[in-house]
Amino acid sequence: MPPVFPMLTVLSMFYYMCLRRRARTATRGEMNSRRAIESNTRALPINVEIVQYAKEVLDFSSHYGSENSMSYTMWNLAGIPNVYPSSGDFTQTAVFRTYGTWWDRCPSARLPFTRTPSTFCSQDYVELAFEEPVYPTAVHILETYHPGAVVRILACSANPYSQNPPAEVRWEILWSEAPTKVNGPQARQFTPCIKQINFPTNLIRLEVNSSLLDYYTELDAVVLHGVKERPVLSLKTSMIDMNDIDEDEDEEKFACGMDTLNKQFSIVALREWPTNGYFDKLPYELIQLILSHLTVPDLCRLSQTCKLLYQHCCDPLQYIHLSLQPYWARINDTSLEYLQSRCTLIQWLNLSWTGNRGAISVSGFSRFLKVCGSELVRLELSCGHFLNETCLEVITEMCPNLQELNLSSCDKIPPQAFNHIAKVGGLKRLILYRTKVEQTALLSILNFCSELQHLSLGSCVMIEDYDLIASMMGAKCKKLRSLDLWRCKNITESGIAELASGCQLLEELDLGWCPTLQSSTGCFTNLARKLPNLQKLFLTANRSVCDTDIEELAANCTHLRQLDILGTRMVSPASLRKLLESCKDLSLLDVSFCSQIDNRVVLELNANFPSVFIKKSFTQ
């Protein structure tokens with residue numbers, strides 16, 4: 001008969017963990033009152049649930065709308081619903097900038113960073129403030145068109161309306177899931193099962209991934225349910241994880257170990273092991289190759305196992321490409337300080353979304369780049385609201401080899417700071433989407449950065465004369481391959497002519513929502529004739545695009561892969577057939593709100609050209 005002692009030992013450990021958990025939760029104040037536990041004769045006070053809509057939109061990474069309007073902007077998420085329960089495409093909703101995988105399949109697409117954990121798939125985010133801090137019991141997201149993009153919901157310990165900033169800002173994941181395909185574009189109320197947290201919050205963050213969607217997702221409102229007093233956790237509903245032997249049970253799954261990132265990267269006293277197993281018999285390069293598949297937190301943990309692996313985990317060759325975006329909530333000055341000695345050879349660095357609310361200081365960022373910037377080729381700083389003029393000056397001085405700079409949605413950088421970018425003459429990619437770059441600084445950048453191949457100026461509202469900008473591009477940026485002028489308000493046929501004449505290598509051009517361009521001037525036919533390499537052309541919401549323009553594209557731009565002519569009234573089914581027959585590589589055609597293209601025509605075109613995704617949006 002086998003001994004029963006091992007089973008008793010396992011059971012003892014299980015009950016020990018249960019009792020320890022209960023003891024810890026009691027001492028941490030998870031019970032409303034110790035007296036209420038001790039006496040069954042006293043009733044607990046009623047904890048009334050508070051229901052509130054978002055009061056304010058604090059921050060977001062992108063939106064479809066204009067900076068000077070409310071249509072399709074993130075600001076529509078504040079307040080009560082405007083559209084729900086109706087379904088369809090409505091301007092009163094919040095819409096992000098991209099959907100599907102189309103943006104990953106165009107000339108401007110960027111190579112992904114390796115070592116991104118599988119649990120991190122967020123592409124965009126929006127942060128919402130509510131009036132009252134509560135312990136969340138539910139979050140309702142009202143989705144009105146193509147739902148299913150939300151992949152993560154987080155809560156923050158900082159109160160955006162408090163006069164006293166907290167000493168520490170904590171983010172907790174309330175819910176997280178991989179992207180899923182939702183059948184149908186109809187409206188729904190999305191209410192995932194959220195976990196309980198141990199602090200009240202009135203700051204909620206939604207993160208989205210729209211890669212599986214057939215069109216833009218539209219959000220109408222967010223409802224936060226919660227209570228003022230911390231709920232009692234019963235033993236029945238509190239699940240005990242057998243792997244939970246750490247003192248802090250509130251560690252998020254996605255960043256396990258990142259709370260101790262600074263300690264793990266610091267010089268630690270390593271335990272002397274009698275042997276390194278078989279690792280010390282492997283070639284150094286082979287061990288490096290094996291470790292290259294680990295995420296940053298895994299490298300942190302592995303470095304503490306033995307001296308040999310500590311040496312490998314701290315080798316600068318492991319940090320040639322480093323993305324800290326998945327750990328944005330945990331990265332601070334101390335993290336960067338301890339990473340310095342490991343990043344002396346770094347070439348790609350992604351600090352997007354990091355450093356906000358004081359986590360990274362200007363001095364901390366500057367110290368890091370002074371040590372690690374000399375080999376940098378690519379620097380991603382999207383939504384880095386800690387950046388100021390000093391930071392841009394340090395970037396241009398300490399990163400002489402920089403070729404790619406992403407400042408997307410860095411809307412806190414003052415206009416005059418962008419002049420420093422002109423010092424980086426080797427730039428090949430520059431993303432200034434939703435920044436406050438002004439005309440003088442941009443002209444200087446274009447004049448000195450003649451190697452530019454990819455340039456994004458979408459929603460840059462402080463540029464006064466885009467014709468002048470286009471003329472400078474045509475004269476100086478002969479290697480330009482992709483150009484984003486989304487929602488450029490004042491470019492005319494004159495600027496388009498200069499651009500097409502000088503930048504004939506263009507493969508991608510976004511002129512969506514540029515109201516001053518009129519087909520009657522011949523600007524679009526001129527583009528088609530001068531730019532035969534075009535693969536992507538967005539003429540979104542230009543009502544004047546006509547059959548002549550489509551036929552010129554069919555005749556001259558046979559490599560076209562993506563075309564957006566949403567909203568035109570002048571294009572007929574016949575011209576679209578010519579385009580589809582001529583452009584064999586075409587994979588995306590957006591004809592939403594094109595009055596001559598009804599659902600019957602779309603069905604016919606889909607049947608005859610099955611390899612093309614033809615999108616027809618609607619409003620109910």
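Let me start with a quick one: where is isoleucine 395 placed? It's in helix 9, the stretch covering residues 389-398. Keep in mind, before I go on, that what you're looking at is a predicted model.

So, isoleucine 395. Its relative accessible area is 2%, and the cut-off for buried is under 20%, so isoleucine 395 counts as buried. What is around it? Setting aside neighbours within four places in sequence, isoleucine 395 is in contact with Phe365, Leu369, Leu379, Leu381 and Leu402.

Cysteine 383 is in the loop between strand 12, residues 378-380, and helix 9. Its phi is near 60 degrees, which is a positive value, and this residue is not a glycine. Buried or exposed, then, for cysteine 383? Buried, because its relative accessibility is 0%.

Tryptophan 513 is in the loop between strand 17 and helix 13, the latter being 523-530. At 22% relative accessible area, tryptophan 513 is partly exposed. And while we're on backbone geometry: tyrosine 84 and proline 85 are joined by a cis peptide bond, with omega at about 15 degrees. Proline 85 is found in the loop between strand 2, residues 56-60, and strand 3.

Now, zooming out for a second. The protein chain has 16 helices and 21 strands. It's 620 residues, and 54% of them count as buried. If you take contacts between residues at least 6 apart in sequence, 80% join residues at least 24 apart.

On to the aromatics. How many aromatic pairs are there? The count is 19. Here's one of them: tryptophan 103 and phenylalanine 538 have ring centres 5.9 Å apart and planes at 85 degrees, so that's an edge-to-face pair. The two partners are 435 residues apart, with tryptophan 103 in the loop between strand 3 (94-95) and strand 4 (124-145), and phenylalanine 538 in strand 18, residues 536-538. Tryptophan 103 is buried, at 18% relative accessible area, and phenylalanine 538 is buried as well, at 2%.

Ring pairs also build a cluster here, and tryptophan 103 and phenylalanine 538 are in it, along with Tyr64, Tyr72, Tyr99, Tyr145, Tyr215, Tyr216, Trp486 and our friend Trp513.

Phenylalanine 538 has a charge over its ring, too: the charged end of lysine 536 sits there, 4.5 Å from the centre. Elsewhere, arginine 378 lies over the face of tryptophan 348, at 4.6 Å from the ring centre.

Leaving out residues up to four places away in sequence, glutamate 508 touches Cys106, Pro107, Ser108, Arg481, Ser482, Leu483, Leu534 and Lys536. Glutamate 508 is in strand 17, residues 508-510, and with 7% relative accessibility it counts as buried. What does its side chain reach? The backbone nitrogen of serine 108, at 2.9 Å.

Last topic, helix packing. Helix 10 is residues 439-448, and its buried residues are Gln439, Ala441, Leu442, Leu443, Ile445 and Leu446. Among the things covering them are strand 14 (429-431), strand 15 (454-456) and helix 11 (466-476). The axes of helix 10 and helix 11 come within 9 Å and cross at roughly 10 degrees, and angles under 35 degrees count as roughly parallel, so that's what we call this pair. On the helix 10 side, the contact is made by Gln439, Leu442, Leu443, Leu446 and Asn447, and on the helix 11 side by Leu468, Ile469, Met472, Met473 and Lys476.

And then helix 14, residues 547-556. Its buried residues are Asp549, Ile550, Glu552, Leu553 and Ala554. They pack against helix 13, strand 18, strand 19 (562-564) and helix 15 (573-582).

Conventions. Residues numbered from 1 in each chain as written. Predicted model: local features only at pLDDT ≥ 70, side-chain atom pairs only at ≥ 80, totals over all residues. Heavy atoms only, no water. Helix = DSSP H or I, 4+ residues; strand = E, 2+ residues; numbered from the N terminus. Buried < 20%, exposed > 50% of the residue type's maximum accessible area, 1.4 Å probe, protein only. Polar contact = N/O pair within 3.5 Å; in protein donor to acceptor, adjacent residues only side chain to side chain. Contact = heavy atoms within 4.5 Å. Phe/Tyr/Trp six-rings, centres within 6.5 Å; stacked < 30°, edge-to-face > 60°. Lys NZ or Arg CZ within 6 Å of the ring centre and 35° of its normal. Axes fitted to C-alpha atoms, helices over the stretch in contact; angles between N-to-C directions. Parallel < 35°, antiparallel > 145°, perpendicular 65-115°, else oblique.
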